[in-house]
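Me: I am new to this structure. Please walk me through how to read it.

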Amino acid sequence: MWTEINSEKDIEDFMKKTDICAEDESFEIIYMKYENHSLLLILECWLCRLEMFFEGVQYFNNFRLGRDYWDYCGRCYLEFRTDLLGKTRDDRLIVWTDNHRILNCENIFFNDTNGAVIVAYQMKYRITDRINNTMTESSLKEIVEENHLIEIAWDGFYANLDDYIKSESDEAEEYGITSRESVKPYFSCYGLKYFTETETTYIIMTIEFNDINNKYLGYYDIVFDKNLEIIDDFFVIE
């Protein structure tokens, strides 16, 4: 749901929320689109995605965007200004900038190029988890690849396999699982799973494995929460 910026209280809430989201990490500008005096800006940090939509845009600068370039922008700053359109006009404008740069100067439209600036009549924003049940296939793939989740799953699989052979030696021997070389694992899939009871979405990675004769034996699952932290992993023999 979008939240509109209409008051100083709205700005205060915005500042608190974006500070909590970013914590010790910088936001990264990953998308910007300007059309018909409207501008959509999307930022990401480790925990969340921040989307801001500006209408009646009067000025913006310094968005060096590209598929292979993410522009770090630190934390956000927001303020109302009524002194930017000349001495005869007191239109209230919203000014957003990065890195908590307070823009209490008259020459805002000729600002330095060390940060990004947007000046507009209206603004709304929303904050979403990076992992949620509305993610697209491409955005999920991007998160998996950027954070090396498949490699982490393989490390977890072999750690669990070694532990299973050691702690459940009799059962493992019954299935012919005596060493890493006694199984043929393959990465099966990854996907989102939404739990209605807790209204929480997780990324689950699955590795399946056969015996040396290609008979199916079982699978390994590893579960990541919205912070991409491992909350569970388990080894199942079927």
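Me: Which strands does H3 lie across, and at what angle does H3 run to S12?

Reply: First, the ground rules. This is a predicted model, in which local features need pLDDT of at least 70, side-chain atom pairs count only at pLDDT 80 or more, and totals for chains, interfaces and linings use all residues. Residues are numbered from 1 along each chain as its sequence is written, and side-chain values use heavy atoms, with hydrogens and water left out.
Now the labels. Helices (H or I, at least four residues) and strands (E, at least two) are DSSP runs, numbered from the N terminus. Angles run from 0 to 180 degrees between N-to-C directions, and axes are lines fitted to C-alpha atoms, for helices over the stretch in contact. Contact means heavy atoms within 4.5 Å. Here, H3 lies across S9, S10, S11 and S12. H3 runs at about 50 degrees to S12.

Me: What other helix lies across S9 and S10?

Reply: H2 does, running at about 125 degrees to S9.

Me: How do I read the order of the strands S9, S10, S11 and S12 in their sheet?

Reply: Strands of a sheet pair through backbone hydrogen bonds, either parallel or antiparallel. Two strands count as paired if DSSP finds at least two bridges between them. In this case, four strands form an open sheet in the order S9-S10-S11-S12, with antiparallel pairing. S9 and S12 are at the edges with a single partner strand each, so one side of each has no neighbour in the sheet. From one strand to the next, the twist averages 15 degrees.

Me: How many bridges join S9 to S10?

Reply: There are 12, and the two strands run antiparallel. S9 and S10 form a hairpin with four residues between them. In the turn, Glu199 has a positive phi of about 55 degrees.

Me: Where else does a residue other than glycine have a positive phi?

Reply: Asn214 is one case, with phi near 65 degrees. Asn214 is in the loop between S10 and S11. Another is Asn36, with a positive phi of about 50 degrees. Asn36 is in the loop between strand S2 (27–35) and strand S3 (38–44).

Me: Are Asn36 and Asn214 buried or exposed?

Reply: Buried means under 20%, exposed over 50%, and partly exposed in between (1.4 Å probe, protein chains only). Asn36 has 67%, so Asn36 is exposed. Asn214 is exposed too, at 52%.

Me: How do I check the length of helix H3?

Reply: The expected span of a helix is 1.5 Å times one less than its number of residues. Helix H3 (residues 149–167) has 19 residues, so it should span 27 Å. The end C-alpha atoms of H3 are 26 Å apart, which agrees.

Me: Which residues of H3 are buried?

Reply: An α-helix has 3.6 residues a turn, so residues three or four places apart point the same way. In H3 the buried residues are Leu149, Ala153, Gly156, Phe157, Asn160, Leu161, Tyr164 and Ile165. They cover an arc of only 165 degrees around the axis, so they lie on the same side of H3. That arc is taken from the directions from the helix axis to the C-beta atoms. On the other side of H3, Asp155 and Lys166 are exposed.

Me: What covers the buried residues of H3?

Reply: The cover includes helix H2 (137–146) and helix H4 (169–174). It also includes strands S9 (183–195), S10 (200–211), S11 (216–224) and S12 (230–237).

Me: What does the side chain of Thr206 join in a polar contact?

Reply: A polar contact is a pair of N or O atoms within 3.5 Å; within protein, one must be able to donate a hydrogen and the other to accept it, and residues adjacent in sequence count only if both atoms are side-chain atoms. Thr206 is in strand S10. Its side chain joins that of Asp221 at 2.6 Å. Thr206 is buried, at 12% relative accessibility.

Me: How far apart are Leu50 and Ile127?

Reply: In sequence, 77 residues; in space, 4.7 Å, C-alpha to C-alpha. Leu50 is in strand S4 (residues 48–61). Leu50 is buried, with a relative accessible area of 0%.
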